[in-house]
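Subject: Handing over the structure

Hi,

Here is the structure I promised to pass on to you.

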Amino acid sequence: MQISAKICGLSTPETLDAAIDGGASHVGFVFYAPSPRTLSRDRAAQLAARVPAHVQRVGVFVDPDDALLDRAIAAGHLDVLQLHKTPAARSAAIKARTGLPLWSAVAVRTRADLAEAANFGGVADRILYDAKTPPGAALPGGMGVRFDWSLLEGFRHPLPWLLSGGLDPVNLREAVAMTGATLVDVSSGVESAPGIKDVTKIRAFLQAVNDL
Ligand SMILES: O=C(O)c1ccccc1N[C@@H]1O[C@H](COP(=O)(O)O)[C@@H](O)[C@H]1O
């Protein structure tokens, strides 16, 4: 089975190039001010221009308003919108307005959390299963937190999906074996510090994907 990878939270040309050269199918640009990975419009435009046509640019948002979406889509030439903490009705409005594919994040800690995925039927193009971050955490994602992957074993997915939350070059094989994911997403696991991507770790993660 061919496994694809998204490297998220890229903010420099060097680390973006490492993701592209290593074979990432998707690169993620964060548009959320509290995140250490958030991009200015100028930086987003600079990075977007380096991305070849076979790699998709994913914009990461937390319940964004229309003005932010418009600025980010224009600057980052986004192909996909990844929405965290964005209710299904608002997501539907965003999809109607932008016409772009949506990935809706479902934050998982317990089996009951998986039921939320069904709310995005007819709205999301993919569900992004991510770990629920602790109460009071600064961010709803991008904190290197993983969930119990066995929760996805035997789960009847209502939509296409991808796996994220605490992945890294070492645990990737176990995560894919347990969940059957064919698309994986990493941010913290390829960083040397929050918001600082590491070229060596990006290469190691993508090599691990290729070795599966
Ligand atoms: O990366 C961020 O700063 C971020 C901010 C707000 C929402 C989501 C964010 N990142 C996404 O979180 C998951 C998991 O990341 P990690 O590998 O556990 O660090 C991933 O989909 C990122 O795109």
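Let's begin with helix α5, residues 172–179, whose buried residues are L172, A175, V176 and T179. Seen down the axis of α5, these buried residues fall within an arc of 95°, so they line one face of the helix. (The arc is taken from the directions that run from the helix axis to the C-beta atoms.) "Buried" means under 20% relative accessible area, "exposed" means over 50%, and "partly exposed" is what lies in between, with a 1.4 Å probe and protein chains only. Helices (H or I, at least four residues) and strands (E, at least two) are DSSP runs, numbered from the N terminus.

Before going on: this is a predicted model, where local features need pLDDT of at least 70 and side-chain atom pairs count only at pLDDT 80 or more, while totals for chains, interfaces and linings use all residues. Residues are numbered from 1 along each chain as its sequence is written, and side-chain values use heavy atoms, with hydrogens and water left out.

Back to α5. What do its buried residues pack against? They pack against β7 (161–163), β8 (183–186) and α6 (199–211), with contact meaning heavy atoms within 4.5 Å. The face turned away from the buried side carries the exposed residues R173 and A177. After α5 comes G180, which has a positive phi, near 75°.

Now the strands. In β3 (residues 56–62), 6 of the 7 residues are buried, so this strand is largely enclosed by the rest of the structure. Strand β2 (residues 26–30) runs parallel to β3, and 5 bridges join them; two strands pair if DSSP finds at least two bridges between them. In this pairing F29 stands opposite G59 of β3. From β2 the chain crosses through helix α2 (residues 41–48) to β3, in a right-handed β-α-β crossover. Right-handed here says that, with the strands pointing away from the viewer, the path from the first strand over the helix to the second runs clockwise.

β3 also pairs with strand β4 (residues 80–84), in the parallel sense and over 5 bridges. There, G59 stands opposite L81 in β4. The chain gets from β3 to β4 through helix α3 (residues 66–76), and this β-α-β crossover is right-handed.

Next, the inside. A nonpolar core is a set of buried Ala, Val, Leu, Ile, Met, Phe, Trp, Tyr and Cys residues joined through side-chain atoms within 4.5 Å. The largest one has 58 residues, and those with the most contacts inside it are I7, F29, Y129, V184 and F205. Helix α6 gives the largest share of this core, 5 residues. A second, separate core of 7 residues includes V58, L128, L162 and L183. Leaving aside neighbours within four places in sequence, I7 is in contact with a list of residues including A19, V27, V186, I202 and F205.

Two single residues are worth a click. S11 is in the loop between β1 (4–7) and α1 (13–22), and counts as buried at 18% relative accessibility. Not counting residues up to four places away in sequence, S11 touches L39, R43, L47 and G195. A93, in helix α4 (residues 88–98), is partly exposed, with a relative accessible area of 36%.

Cheers
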